[in-house]
Amino acid sequence: MKALNQILDNARRDPKRIVLCESEDERVLRAAAKAAKAGIARVMLVGGEKTVAAAAREHGVDVSAIEVVDPATSPLTESLAQALHALREKKGMTREQAETSVREPLCFAHMLVREGHADGSVAGAVNTTADVVRNAIQTLGLAPGYSLVSSFFLMMLCQPFHQPKGGVIFADCGLMVDPDADQLSQIALAAADSAETLLDEAPRVAMLSFSTSGSAQHDHVDRVRDAARAVKQQRPELAIDEDVQLDAAIVPDIAAKKLPDSRVKGQANVLVFPNLNAGNIGYKMAERIGGADAIGPLLQGLNKPANDLSRGCSVDDIYHVIAVTSVQAQASDKRAGAKG
């Protein structure tokens, strides 16, 4: 898996502080230990020191190299509660509510990221996606220029029979049920950034539809086309096909016939699905029938890196998401440095 190995190598070059809050889960402990040993991140676990130590002993996991931060005793808790209260006071949160909320591991982890004590967060092995995303939005906020958080899967097409080969971004396959044209354009822009960060190559975006270049007329096609044109207005340098069927998006010979003026030329590395029905079916079909490996769901559009996990995730799933989050944090640092 060349693309995945590249992500792991990039994570090792500048390992970031990644915090995990579900520290009593065996999979999380094993993934944290594996990540720390491999050097892809400087891992932090949120939880009681005695509780984490007991869970580690029970499962035979060595966490001696991992920092454990206990919200009940940490010297950071008071300042994090103050920051949370200041952030949410206008939404009606009292100081007492902030002090209670910040002691919850998920909120504590996200506030560590917000206040710069960690660079990214990974959760969702125990917490629901709704809870992870809601808390991330409330604490970390949205990235400049975005009004929504969306998700993507990094699909690894590495088997001998795969065409194309390599990593491909599938978005949105987990959050936005029926995005309008503006929301779809934001998903496409965020997915292009995700491709650039994780694939180390220029994004080539296909706005998927049942139509190619106006071959069918329907409101659903208009929405996809309008979204693509909004993307072009914001980033005219980006290679993007408007309404395009999947075969023309990924097969150069078909693209040459159907879209002779395309800048993507049937070599899309970002597939933007028109709605969640299509996206969820598409990634699962690629995974279960097509033999692709799916990493995710991953989040995009947040002000700082935070990622979700499936509650059915494996140790390797968590390990790979830690690596992705570390690389996202590297990119976040670069953007902050460029602005500074």
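Entry one. I began with Lys 258, which comes out as partly exposed, at a relative accessible area of 36%. This is a predicted model, so I keep that in mind throughout. Lys 258 pairs with Asp 247 in a salt bridge, with 3.7 Å between the closest N and O atoms. I then checked where the two sit: Lys 258 belongs to helix α11 (residues 252–258) and Asp 247 to helix α10 (residues 246–250), eleven residues apart. Asp 247 is also partly exposed, at 30% relative accessibility.

Entry two. I looked up the bridge between Asp 333 and Lys 16, and its closest N and O atoms are 2.6 Å apart. This pair links distant parts of the chain, 317 residues apart: Asp 333 lies in helix α13 (residues 315–339), Lys 16 in strand β1 (residues 16–20). Is Lys 16 buried or exposed? I noted it as buried, because its relative accessibility is 9% and the cut-off is under 20%. Asp 333 is partly exposed, at 38%.

Glu 99 and Arg 95 meet through their side chains at 3.3 Å, N to O. Both lie in helix α5 (residues 95–102), four residues apart, which is about one turn of the helix. I have Glu 99 down as partly exposed at 28%, and Arg 95 as partly exposed at 23%.

Notes. Residues numbered from 1 in each chain as written. Predicted model: local features only at pLDDT ≥ 70, side-chain atom pairs only at ≥ 80, totals over all residues. Heavy atoms only, no water. Salt bridge = Lys/Arg side-chain N within 4 Å of Asp/Glu carboxyl O. Buried < 20%, exposed > 50% of the residue type's maximum accessible area, 1.4 Å probe, protein only.
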